[in-house]
Structure formats: structure tokens, C-alpha cells
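Subject: Two-chain model, handover and notes

Hello,

The structure is below, followed by notes on what was found in it. Please read them alongside the coordinates.

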Amino acid sequence: MAADAGRYTLTLSRRTKRRKAVNLLMQGIATLAALSAVAVLALVIASVAERGAGALSWDFFTKTAATFGESGGGVANALVGSLVLVALATAMALPVGVLIAIYVSEFAKPRIADASKLVLDVLNGLPSIIIGVFVYGLLVVGSGQAAWKGSFALAIIMLPLVARSTQEVLALVPATLREGALALGASRWRTVLGVVLPTSLGGILTGTVLAVARAAGETAPLLFVTSIAANTVTWDPRQPVLSIPVDIFALSESPDPADHARAWALALVLISFILVASLTARAALVRYRSRLER
Amino acid sequence: MNAVTSTPAAAAVRSRRRLGDRFGDLALHGLTAAATLAAFALLGGIAWKIFDLAHPAISRFGLGFVTHQGWDAIHNKFGALDLIWGTALTSFLALLIAAPVSIAIGLYLSELAPRGIRLVIATLVELLAAIPSVVLGLWGILVLGPFVGKHVEPWLHAHLGFIPLFDSSAENSGILIAVLVLTIMVVPICSSICRELFTNVPTELEEGALALGATRWEMVRGVVLPYTRTGVSAALILGLGRAVGEAIAVTMVIGAGYGIHWSLFRTGDTLASKIAAQYQGAASNIQLASLVYLAAILLVISLLVNIAAQVIVRRFSHQRLAGS
């Protein structure tokens with residue numbers, strides 16, 4: 001009797017209980033891992049905001065660094081420098097990147113398209129310090145530092161990002177749209193310039209914004225190529241300029257706590273820009289994709 | 001005979017347009033092909049220029065550079081062994097921590113997270129990758145370093161001091177901080193690839209396992225992980241490549257030490273951080289060339305790592321496409 005009752009019982013066997021416990025444990029670990037990544041993000045942003053907010057002021061944005069021994073001063077030179085560097089880099093990387101993407105998605109044979117994607121991915125994976133050394137050896141040795149050389153280095157960082165994201169967006173353009181244009185008698189180049197590119201314009205722009213956000217935070221390619229201490233505000237790309245990330249790097253090495261405060265404030269400006277830019281671009285990309293895929 | 005084609009004027013217009021189209025097609029094709037060729041040339045040019053700049057050091061020290069220990073700027077005797085050691089130690093330890101965490105995050109986002117917050121958490125994890133390395137380095141040296149040096153390291157030393165990893169006194173900068181910062185950089189990269197891999201596991205397989213009575217974890221272990229094994233290893237290799245090449249954040253937190261040792265609390269140096277720290281202040285041409293020699297070693301490692309990972313990923317996706 002007792003044995004029979006045991007066989008048909010609805011209570012869980014010890015083995016099942018263990019399996020359920022292991023399952024619960026693993027789910028807990030996975031949840032914890034995801035939460036800890038989010039926590040680290042929150043922690044970094046919170047420390048930057050807390051330490052950086054105090055040093056922000058009108059002078060911070062409009063003045064250049066105080067000369068040695070004086071207090072106060074700002075980082076206008078670094079802000080303008082970053083603006084010049086990134087704008088020029090975008091002007092270099094965007095057209096070339098879009099052209100590459102058009103070739104890969106519209107003209108290339110599958111094997112060549114695969115090889116091109118591989119080259120772009122490998123280019124994207126290169127340590128950025130190597131790009132700094134390369135541009136230094138190619139352009140700076142013998143002729144000195146200049147903003148446009150820094151932009152060239154940043155453009156090498158941006159090129160694979162722009163080309164790959166554009167190519168992925170071009171691949172989303174429905175084949176029926178292309179076929180429709182071709183069936184109406186339009187030539188290849190008119191189809192690409194008149195139908196495919198305008199359809200994917202939104203996607204190309206968001207990809208570019210993400211690449212800009214990445215380039216704005218890069219330090220290693222600029223370290224040797226543009227100035228680490230230029231203290232004048234200049235919009236001239238032939239002059240060496242300071243930039244936000246390089247300034248943060250230089251200030252962090254200083255023993256002076258006032259310099260650390262300025263580094264935190266710069267970091268706050270930098271990550272605010274990057275977070276806003278990447279969040280908007282991501283949201284736009286999601287909307288854009290769902291519209292295209294509908 | 002058609003009325004339109006019979007007028008010579010219309011035929012002329014048509015042939016002119018056809019000529020224009022042919023020219024336009026050719027021009028666009030040529031222009032885009034040239035841009036693509038430029039990308040190939042850029043990659044080749046970078047490799048060529050790096051080896052060209054490193055040539056004085058390569059011809060002077062030869063391959064012995066790789067196994068020589070010490071970086072003596074006064075006697076111009078340079079070797080990369082210390083730095084290769086530092087690079088290997090920091091990146092492998094970072095990957096050791098990042099691998100399980102990334103896989104766990106990937107699983108959470110693909111299997112566990114409620115639909116409503118799935119995209120939010122995925123975006124937040126990816127934003128972690130958007131934080132510039134210089135900001136992470138600043139945080140590492142001024143916030144994380146002092147915290148770990150004051151609270152974590154003394155505890156590890158007191159309780160686990162018999163392990164060589166933890167056998168020296170605590171500091172605010174050093175290899176452990178570099179490992180932690182690198183982990184933070186690697187996790188978002190690996191976990192977003194893992195998430196994509198896990199999401200693409202065919203639902204029939206997952207549901208089959210669940211229907212046979214497997215718990216969620218058993219389904220993951222028996223179906224999801226074996227199915228994505230190759231892809232996950234490629235993701236981890238890509239993460240390793242990122243850790244090996246990171247210069248700025250590591251320079252800021254690792255403390256420019258020397259020597260080959262296991263102790264995580266002491267300072268160290270890596271290939272990339274050495275270049276970032278010394279390239280501008282190099283005292284002699286041979287020191288400069290030696291630093292570029294380091295960059296050349298880094299370049300070879302990163303090319304091997306990246307190409308290997310990409311080839312694995314591509315073969316993996318082709319295989320899956322062919323199978324389905």
C-alpha cells in the first residue's frame with residue numbers, strides 16, 4: 001500500500017527538485033550578470049556626472065586654459081578642436097564609405113563583396129593606437145602636427161563603420177523597388193542614385209551619427225598626430241589643435257586636483273554628447289528598419 | 001514599323017540617352033570600385049608603413065626582440081617579452097572574467113528577459129561599449145583604482161595571499177585595475193554578439209527540448225550552447241582582440257611597471273600601453289623604431305585574431321544557412 005502511494009505521488013522527486021534548483025540558480029546568475037553590466041554603466045555615468053558637474057561654468061566653455069599658476073580658465077580650445085577634427089573626418093569618411101557600400105551591395109560579385117566586408121571588418125578591428133602610429137609615420141614625421149592629419153586618422157576609424165552600416169541598410173532596400181526602377185527603363189546608376197540611396201538616406205545618416213560618436217571619443221589615433229597642449233582657439237585645420245579626449249588624457253596625468261576636476265567636466269561633456277547621439281541614432285535606426293521591413 | 005522609332009530625331013535622342021546611361025553606369029561602377037580598392041590599399045598601406053617604420057629596430061634586434069626582456073633606453077637595448085607577458089596576462093584574465101558574464105548576459109537577453117525590458121537592457125549594455133576608453137580610464141584611475149586598492153585588494157591578500165596572483169601589497173593602479181577596465185570594455189562586445197547568436201537558434205529545437213521535459217537551463221546547455229559553440233568562440237576571440245589592442249585606458253591604470261610576474265596588484269605594461277606612453281617622448285630613433293616594432297607585433301596579433309574570428313563567423317553563418 002505504502003509503496004504504491006509513493007509511486008503515484010504528485011510531490012517532486014529529489015532529482016526533479018535538484019534540476020529545478022539548478023535551473024533557478026542559473027536564471028539568477030544570468031539575471032545578475034545583466035544587472036551588473038547595467039549597474040557598471042550607471043556607476044560610471046554617475047561618477048562622471050557627480051564629479052564633472054561642479055566644474056561646468058560659462059568660463060569653462062568659452063575660455064582657454066589658464067596659464068601656469070593662475071586659477072580658472074576653460075577648455076574652449078579642446079571643444080573647438082574636437083569639432084574641427086570630427087567634422088573634417090566625417091567629410092572624408094562619409095563619401096568614401098557610402099561609395100564602398102554601393103559597390104559592395106550593387107556592383108560586386110559575391111566573392112569580391114565578401115572579401116571587401118572582411119577587409120572592412122579587419123580594418124575596424126585594428127587597435128586604434130596602430131592607426132595613430134601609421135598616420136604619424138605617414139603624415140607627421142618631418143612636417144609637423146596639424147588638425148587635418150588628426151582628421152585623417154579619425155576618418156580611418158570611421159570608414160569601416162560608415163561603409164558597413166550603409167551596406168547593411170542598402171541590403172534592406174526591397175529588391176522590388178530596384179526592379180521597378182529598372183523595369184521602367186532606368187539605368188543602373190539612375191536606379192542607385194535616384195531610388196536606392198534616397199530610400200536608405202535615413203539609415204545612412206544614423207550609421208554616420210554612430211560613427212561620429214565613436215570618433216569623438218577616440219584618443220589613441222590623435223595622441224601623436226595633433227597637439228597635446230595647443231592653447232589657442234583655432235578653426236584652421238592646418239594648425240595643430242587640442243581635442244576633448246586628448247585633453248582628458250593629459251589632465252588625468254596631472255597631480256593637480258583642479259586639473260582632475262576639469263578632466264571630469266570634459267568627460268561629462270563628452271559622454272553626454274556620445275550617449276545622446278547614440279541613443280537618438282539607435283532609436284531612429286529601429287524606427288527606420290521597421291518601416292523598411294514592413 | 002513604329003511611328004516613334006521612324007523619326008530620326010527621336011532615335012538620336014534615344015541613342016544619346018543610351019550613351020549617357022552607359023557612361024553613367026561605367027562612371028558609378030568605376031568610382032565605387034576605386035573607393036573599395038582604396039580600402040584594400042589602406043589596410044595594406046598600414047601594414048607596410050608600420051613594418052617600414054619598424055625596420056631599423058627589426059634589422060638591429062631581429063626576432064630576438066620578441067624574446068628579449070628589458071626596456072633600457074640608456075643603453076638602447078630593447079625587448080618585447082615583458083610587454084608581451086603583460087598583454088597576455090591582462091587580456092586573458094579579462095577574457096576569463098568576461099566570457100561567462102557575456103554568455104550569461106546573452107542568455108538573459110535572449111531567453112529570460114521579459115519582452116518589455118529586453119530592448120532597454122540590450123541597449124544599455126551596448127551603451128557601455130560607447131563610453132570612450134579615455135573616460136573609462138579616468139574612472140579607473142580615480143574611482144575604481146582607489147576603491148579596489150583600499151577594499152578589495154587587502155581582502156584578497158589577507159584571504160588568498162598564498163596564490164601568487166594576490167601575493168603583494170595593494171596599490172591604486174596596477175594589473176588588476178587594467179584587467180577590470182578591460183573586462184568592462186570586452187563584455188558589451190561579446191554579449192551583443194552572443195545575444196544575436198542565441199536569438200537565432202531555431203525555435204523548434206528549443207521547444208523540442210522543453211517538450212521533452214527539460215528545464216530552461218537544460219535546454220540552454222543541451223541545445224542553445226552546443227548549437228552556437230563556434231559562434232560564441234568567435235565572439236570571445238573578437239573580445240580578446242579588443243583587449244589586446246586597447247592602449248589609452250590601460251596606460252592610465254596599469255602604472256607603467258616592468259618585469260615578468262604573476263602578481264595582480266603590482267604595476268605592469270602592455271604592448272599598446274607602452275606605445276601610447278612613450279612614443280612622443282622617445283629619446284632616440286632606435287627607441288622610436290623599437291616602439292613601432294611593438295606596434296608591428298600588435299598588428300600581427302590583431303590581424304590573426306580578427307581574420308580568424310571573421311572566418312569562423314562567416315563559415316558558421318554559411319553552414320547554418322545551408323542547413324536550414
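Thr191(A) has 20 C-beta neighbours inside 10 Å and so counts as buried (20 or more other C-beta atoms within 10 Å of its own; 12 or fewer is exposed, in between is partly exposed, and C-beta atoms are placed from the backbone). This is a predicted model, in which local features need pLDDT of at least 70 and side-chain atom pairs count only at pLDDT 80 or more, while totals for chains, interfaces and linings use all residues. Residues are numbered from 1 along each chain as its sequence is written, and chains are lettered from A and ligands numbered from 1 in the order in which they are written.

Thr191(A) sits in helix H9 (residues 188-216) of chain A; helices here are DSSP runs of H or I with at least four residues, strands are runs of E with at least two, and both are numbered from the N terminus. Beyond its neighbours within four places in sequence, Thr191(A) is in contact with Arg178(A), Ala181(A), Leu182(A), Ala186(A) and Val196(A) (contact: C-beta atoms, placed from the backbone, within 7 Å).

Ser252(A) belongs to helix H10 (residues 244-252) of chain A and counts as buried, with 25 C-beta neighbours inside 10 Å. Apart from neighbours within four places in sequence, the contacts of Ser252(A) are Ala263(A), Gly137(B), Leu138(B), Ile141(B) and Met252(B). Its C-alpha atom is 8.9 Å from that of Trp264(A), twelve residues away along the chain.

Ala295(B) is in helix H12 (residues 285-323) of chain B and is buried, having 27 C-beta neighbours inside 10 Å. With neighbours within four places in sequence left aside, Ala295(B) is in contact with Ile130(A), Val133(A), Ile50(B) and Ile275(B). Ala295(B) and Leu53(B) are 242 residues apart along the chain, and 9.9 Å separates their C-alpha atoms.

On the interface as a whole, 67 residues of chain A are in contact with 70 residues of chain B. Helix H2 (residues 8-61) of chain B supplies 19 residues, the largest share of the side of chain B that touches chain A. That side of chain B divides into 51 nonpolar, 14 polar and five charged residues. In this scheme Ala, Val, Leu, Ile, Met, Phe, Trp, Tyr, Cys and Pro are nonpolar, Asp, Glu, Lys and Arg are charged, and the others, Gly among them, are polar.

How do H2(A) and H9(B) lie relative to each other? Helix H2 (residues 14-53) of chain A packs against helix H9 (residues 216-245) of chain B at an angle of about 75°, and their axes are 7 Å apart. Axes are lines fitted to C-alpha atoms, for helices over the stretch in contact, and angles run from 0 to 180 degrees between N-to-C directions. H2(A) and H9(B) are therefore roughly perpendicular (65 to 115 degrees; under 35 is roughly parallel, over 145 roughly antiparallel, the rest oblique). H2(A) contributes Arg19(A), Val22(A), Asn23(A), Met26(A) and Gln27(A) to the contact, and H9(B) contributes Arg216(B), Trp217(B) and Glu218(B). By class, the residues of this contact are three nonpolar, two polar and three charged.

Domains next; their bounds come from an automatic or database domain assignment. Chain A is assigned domain 1 (12-53) and domain 2 (58-293), with centres 34 Å apart over C-alpha atoms. Six residues from domain 1 of chain A and five residues from domain 2 of chain A make the contact. Chain B is assigned domain 1 (3-53) and domain 2 (64-323), with centres 43 Å apart over C-alpha atoms. Here four residues from domain 1 of chain B and five residues from domain 2 of chain B are in contact.

Finally, 23 of the 32 residues of H4(A) are buried, so H4(A) is largely enclosed by the rest of the structure.

Regards

Terms used
Two residues are in contact if their C-beta atoms, placed from the backbone, lie within 7 Å.
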